[in-house]
Amino acid sequence: MPEAQDAEPKDAADSIRKSIVVAAGQQSEQRFGSAARRAAILAAVICVLTLTIAGPVRTYFGQRTEMKQLKATEEQLRAQIADLEQQKVKLADPVFIAAQARERLGFVMPGEIPYQVQLPPGSAVPTMPGVEPATVNPDQPWYTALWGTIAEKPYGVAPAPAPVPPAPAAPNNAPPPGG
C-alpha cells in the first residue's frame with residue numbers, strides 16, 4: 001500500500017496543479033474581460049466627447065471664415081469710401097466741373113467761338129497713344145450717345161504728354177562752322 005499512498009499524493013498534487021492552472025486561467029480571463037470592458041467604456045466616453053465638441057468646433061471655424069470675409073469686405077468698402085471722398089472733393093471744385101463740361105459735353109464759355117473739325121468719311125482719326133477711340137453706333141439716338149459720355153467714368157487727370165524723342169545728332173563728317 002505504500003504505492004497507493006504515493007499515488008494519492010501524486011494524484012492530489014496533479015489535481016491541485018490542475019485546479020491552480022484553471023483558477024489562474026479564470027483570473028486572467030476575468031482580467032481580460034474587465035480590461036475589455038474598460039476599453040469599451042473609454043471608447044464610448046471618447047465618442048460622446050467628440051460628438052459633443054464637434055458642433056461648437058464647426059461653428060467656430062465657420063464664424064472665423066465669415067470674419068475673414070467680413071474684414072475683406074470692410075477693407076474694400078473703406079477703399080471705396082476713400083475714392084468717393086476724393087471724387088467729392090474734385091466735384092466741389094468749380095474749375096474741375098467747368099473742365100468736365102468742356103471736355104465731355106462740349107460746353108463753351110460766353111464769348112468763345114466753338115469750332116468742330118469734321119473729317120471726310122474714311123479718313124483716319126489721329127488718336128493719342130493708350131487711348132481707345134470712342135465708337136458711336138449710328139443706329140442710336142443722340143441722347144443715348146450723350147448718356148454714354150455722362151455715364152462713363154469722369155476724366156480726372158489729363159494723360160501725361162508723350163516724351164519727345166531727342167533730335168538726331170549731326171553727323172561728325174560735317175564741316176566745322178565758319179569754314
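Guide: Ile-41, for instance, lies in helix α1, which covers residues 2-91. You're looking at a predicted model, where local features need pLDDT of at least 70, side-chain atom pairs count only at pLDDT 80 or more, and totals for chains, interfaces and linings use all residues. Residues are numbered from 1 along each chain as its sequence is written, and side-chain values use heavy atoms, with hydrogens and water left out.

Visitor: What pattern does the chain follow along the sequence?

Guide: The pattern reads α-α-α.

Visitor: What makes Ile-41 exposed?

Guide: Check the cut-offs: buried means under 20% relative accessible area, exposed means over 50%, and partly exposed is in between, with a 1.4 Å probe and protein chains only. Ile-41 has a relative accessible area of 55%, so it is exposed. Across the chain, buried residues make up 2% of the 179 residues.

Visitor: Which residues form the nonpolar patch on the surface?

Guide: Ile-41, Val-45, Leu-49, Ile-53, Val-57, Tyr-60 and Phe-61. Patch members need over 30% relative accessible area and no salt bridge; nonpolar side chains (Val, Leu, Ile, Met, Phe, Trp, Tyr) are joined within 5 Å, and like charges within 9 Å. Together these residues have about 650 Å² of accessible area, a value from the Shrake-Rupley method with a 1.4 Å probe, where only the protein chains shown count as cover for residues.

Visitor: Why are Tyr-60 and Phe-61 called edge-to-face?

Guide: Rings of Phe, Tyr and Trp (its six-membered ring) pair if their centres lie within 6.5 Å; planes under 30 degrees apart count as stacked, over 60 as edge-to-face and the rest as tilted. By this rule there are two aromatic pairs. For Tyr-60 and Phe-61, the centres are 5.2 Å apart and the planes are at 65°, so edge-to-face it is. The other label is edge-to-face too: Trp-142 and Tyr-143 have 5.7 Å centre to centre and 85° between the planes.

Visitor: Are Tyr-60 and Phe-61 exposed or partly exposed?

Guide: Tyr-60 comes to 45% relative accessibility, so it counts as partly exposed. Phe-61 has 41%, so it is partly exposed as well. Trp-142 and Tyr-143, though, are exposed.

Visitor: How do you know that the length of helix α2 agrees with what it should span?

Guide: The expected span is 1.5 Å times one less than the number of residues. Helix α2 (residues 94-105) has twelve residues and should span 16 Å; its end C-alpha atoms are 15 Å apart, so that agrees.

Visitor: What puts the buried residues on the same side of α2?

Guide: The buried ones are Phe-96, Gln-100, Ala-101 and Arg-104. They cover an arc of only 135° around the axis, so they sit on the same side of α2; the arc is that of the directions from the helix axis to the C-beta atoms. Pro-94 and Val-95 are exposed on the other side.

Visitor: What makes Glu-74 and Arg-78 a salt bridge?

Guide: The rule asks for a side-chain nitrogen of Lys or Arg within 4 Å of a carboxyl oxygen of Asp or Glu. The closest N and O atoms of Glu-74 and Arg-78 are 2.9 Å apart, so the pair passes. They are four residues apart in helix α1, which means about one helical turn separates them.

Visitor: Where do Arg-102 and Glu-112 lie?

Guide: Their closest N and O atoms are 2.7 Å apart, making a salt bridge. Arg-102 lies in helix α2 and Glu-112 in the loop between α2 and α3 (142-151), so the pair ties together parts ten residues apart in sequence.

Technical notes:
Helix = DSSP H or I, 4+ residues; strand = E, 2+ residues; numbered from the N terminus.
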